[in-house]
Amino acid sequence: MTGLRSAVAIIAKDVRLEARRVENLATMAIFAVLVVVVFVFAGDPTPEDLSRLGPGALWVSLLFAGAIGFQRWFAQEERNGALQGLLLTPVDRGALFIGKWVGATLFLLAIEIVLVPAASMLYDLNLGAVWPKLTLVMVVVTIGYAALGTFFAAIAAHTTAGQLLLPVLLFPLSVPILLSGAGASQQLMTGDGTAYWDWVGLAAAFDVIFGTVCTMTFEYVITE
Amino acid sequence: MIASIKKWWPRSWRQFWTTLDGRTYHVLLHARPWIGWLAVGMMVATFALVFWWVPLESIQGYPQKIFYIHVPSAWLMYSAFAVVFVASVMYLWQRTQLWDIFARCAAEIGFLFCSLTLVTGMLWGSPIWGKPWVWDARLTSSFILWLIYMGYLLFRMLARSDIEVGRIAAVIGIIGFLDVPIIHLSVQWWRTLHPLPVVMIAENPGGGLPASMLITLLVALTSFSLVFVYLLTQRVWQERTIENLGLLEAILDRKAEHAT
């Protein structure tokens, strides 16, 4: 399994890089929390509105944080020709993608560890009993979003607009995963929870389909 | 009969998949003017049927007539995006310019029909729903499709010149099309979980259509399909001409260099 080994090596490298510049991830987490805060100002909500809007604000803020993050995590490969170096190594492109994908998932999850408690406090969400289920849906959705995000960050890097084009390509395609996340957490917080597993199932199907397709087609996106 | 089938049967499948055998492609491009005139004729017939023949719908009245433009545009939007998908897969497999051109042209036309669907839908919605836009499941998913293919076309416009645009665009075309059913499903669930605050006065007519309306719809569908095929072949022909002119220019440049 050389493919697996090289994927792990890429993940380890990315995690080490981020760990040495923790301030980057911290800044992104603060940005994500700020989006949640700004959301409150947009509507002057009553306490009931707050718990209804909470899950949505959480997901929108994650969507924005991701759009900034994917670009960064991919662009760091382009500095000093690091990407050329990676491409010259006899590593399968699929393994390369999986490495970057898992890395992006881990970083987004790290941001969520700060974001979710902050949002639950600010929006007065009662997470007491539902947190295992909320964690599950967060993880499943983050995996799918990171797959598309990493993939389209590589694509947007090929354009003159770069950072501008990534959200334009990424957000419409991510609608199903955003709706699953928002739908499932809405079910947990205010609904009766009957449709929770439907939404998680949809997100998981999204993960499998786009994880596979992106891994298979990454070679077409990356070769110079 | 058999002789003519034999004559048109591809001599080699490899050639067929790479260039549509040259001949199929040739026939398609040369049938262009006829397809165009046929489309014009059918379009006139469609409008005649819509305005003078088909009876007025009793509840909605005149706004219902936009249905005969709206529904064919929606169907052709999906057909065009399916062509983008197939051509993208073929391009990644065969890597011949032809498929790339087909994908690009079909995406443009699909985007056009998608816009037409949205605009006619809003025109219909204004009198029927009382407002042009409601977050109905089908409206929402069409709008998301519109955004996806706008992204596809924007990528084509903004791509750096030192990369092979077709290859990456093909991947976007494939992923975008695979996302269509998932978007539909998710948006439908989203809407059923949050019922609309407004009461829909009339549902989209469908299913139990009277024969006259069905005939008009089918005629409209045929003429729109002809318009689609005409636009597609015209655009493909245009792109081929641009490419050939570029080639010619390069040859002439080379010759001029030799002469001096």
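## A kinked helix in chain A

A kink of about 40° is centred on Met216(A) in H9(A), the bend at a residue being the angle between axes fitted to the seven residues ending there and the seven starting there. This helix covers residues 196–222 of chain A and has 27 residues; its first and last C-alpha atoms lie 37 Å apart, close to the 39 Å expected at 1.5 Å a residue, where the expected span is 1.5 Å times one less than the number of residues. Helices here are DSSP runs of H or I with at least four residues, and strands are runs of E with at least two, numbered from the N terminus.

The model is a predicted one, in which local features need pLDDT of at least 70 and side-chain atom pairs count only at pLDDT 80 or more, while totals for chains, interfaces and linings use all residues. Residues are numbered from 1 along each chain as its sequence is written, and chains are lettered from A and ligands numbered from 1 in the order in which they are written.

## Helix packing within chain A

The axes of H6(A) (residues 131–156) and H8(A) (residues 175–189) come within 10 Å and cross at roughly 175°; axes are lines fitted to C-alpha atoms, for helices over the stretch in contact, and angles run from 0 to 180 degrees between N-to-C directions. The two helices are therefore roughly antiparallel, a term for angles over 145 degrees. Among the residues that meet are Val137(A) and Val141(A) from H6(A), with Ile177(A) and Ala184(A) from H8(A), contact requiring C-beta atoms, placed from the backbone, within 7 Å.

By class, this contact has seven nonpolar, four polar and one charged residues. Ala, Val, Leu, Ile, Met, Phe, Trp, Tyr, Cys and Pro count as nonpolar, Asp, Glu, Lys and Arg as charged, and the others, Gly among them, as polar.

## Chain B

Chain B has nine helices and zero strands, and its C-alpha atoms fill a box of roughly 75 × 45 × 40 Å along the principal axes. H4(B) (residues 32–53) and H9(B) (residues 211–259) have axes that come within 8 Å and cross at roughly 150°, which makes H4(B) roughly antiparallel to H9(B). The residues of their contact divide into 15 nonpolar, seven polar and one charged.

## Between the chains

In chain A, 24 residues are in contact with 28 residues of chain B. H7 (165–173), H8 and H9 of chain A each supply at least two residues of the side that touches chain B, and H9(A) gives the most, with eight. That side of chain A has 17 nonpolar, six polar and one charged residues.

Definitions and conventions. Angles under 35 degrees count as roughly parallel, over 145 as roughly antiparallel, 65 to 115 as roughly perpendicular and the rest as oblique. Two residues are in contact if their C-beta atoms, placed from the backbone, lie within 7 Å.
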